[in-house]
Amino acid sequence: MTKSILQFILLFIVMVLAQVLVFNRLYLFDIALPLAFIYFIMRLPVTMSLVGVLTLSFLLGLTVDVFSDTLGMNALACTLLAPLRLPVLRLYFPREEDLTNPEPSMRSLGVGVYMKFAISISLLYCILFFTIESFTFFNMGRLILRIIGSSILTFIIIMCIDSLINYQRSEKRL
């Protein structure tokens, strides 16, 4: 139990540092911004209470906001994403009892299901974040480009992170 708590604390810190120090500087073509820190929200156990997920999601968004100077946009988007996580997972994996591990990952869900879950969560978060950021539909074409570009970039980075974490865990078992 304490080992998993320490792992989540470490994941929280690493994802915030990666977002603030690396990913916030990768604004491709002034359109696509990777928002890879949402990987932490995706990895929270499905057995965790909604209050716990909401609290951790809000703290994650607030921490990124403090260091990114985004005025609460990430905190709001993370808090709105938290209750949507399980319904999205149930779209692709209807029985939580069949999970080999309560933490959604490529290993526990399978590659296909996890990819659908990751792209859906990335797209939802980007829709929430960029709609909150623009707070208008004045330039709809640019908003859609930013949502699609950032969703794809976020998805690719999340898949890479999950592959690295699963690869390291499989290496330890050998």
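Modeller: Let us begin with Phe 37, which touches Met 15, Gln 19, Leu 60, Val 64, Asn 74, Cys 78 and Tyr 125, leaving out residues up to four places away in sequence. Contact here means heavy atoms within 4.5 Å. This is a predicted model, in which local features need pLDDT of at least 70 and side-chain atom pairs count only at pLDDT 80 or more, while totals for chains, interfaces and linings use all residues. Residues are numbered from 1 along each chain as its sequence is written, and side-chain values use heavy atoms, with hydrogens and water left out.

Colleague: Is Phe 37 buried or exposed?

Modeller: Phe 37 is buried, because its relative accessible area is 0%. Buried means under 20% relative accessible area, exposed over 50%, and partly exposed in between (1.4 Å probe, protein chains only).

Colleague: How far apart are the C-alpha atoms of Phe 37 and Met 15?

Modeller: They are separated by 5.0 Å, although Phe 37 and Met 15 lie 22 residues apart along the chain.

Colleague: Changing topic, where is Asp 162 found?

Modeller: Asp 162 is in helix α8, residues 140–173. Helices (H or I, at least four residues) and strands (E, at least two) are DSSP runs, numbered from the N terminus.

Colleague: And which residues does Asp 162 contact, apart from neighbours within four places in sequence?

Modeller: Asp 162 is in contact with Tyr 39, Arg 43, Ser 105, Met 106 and Tyr 114. The side chain of Asp 162 also reaches the backbone nitrogen of Met 106 at 3.0 Å.

Colleague: Why does Asp 162 count as buried?

Modeller: Asp 162 counts as buried because its relative accessibility is 0%.

Notes
A polar contact is a pair of N or O atoms within 3.5 Å; within protein, one must be able to donate a hydrogen and the other to accept it, and residues adjacent in sequence count only if both atoms are side-chain atoms.
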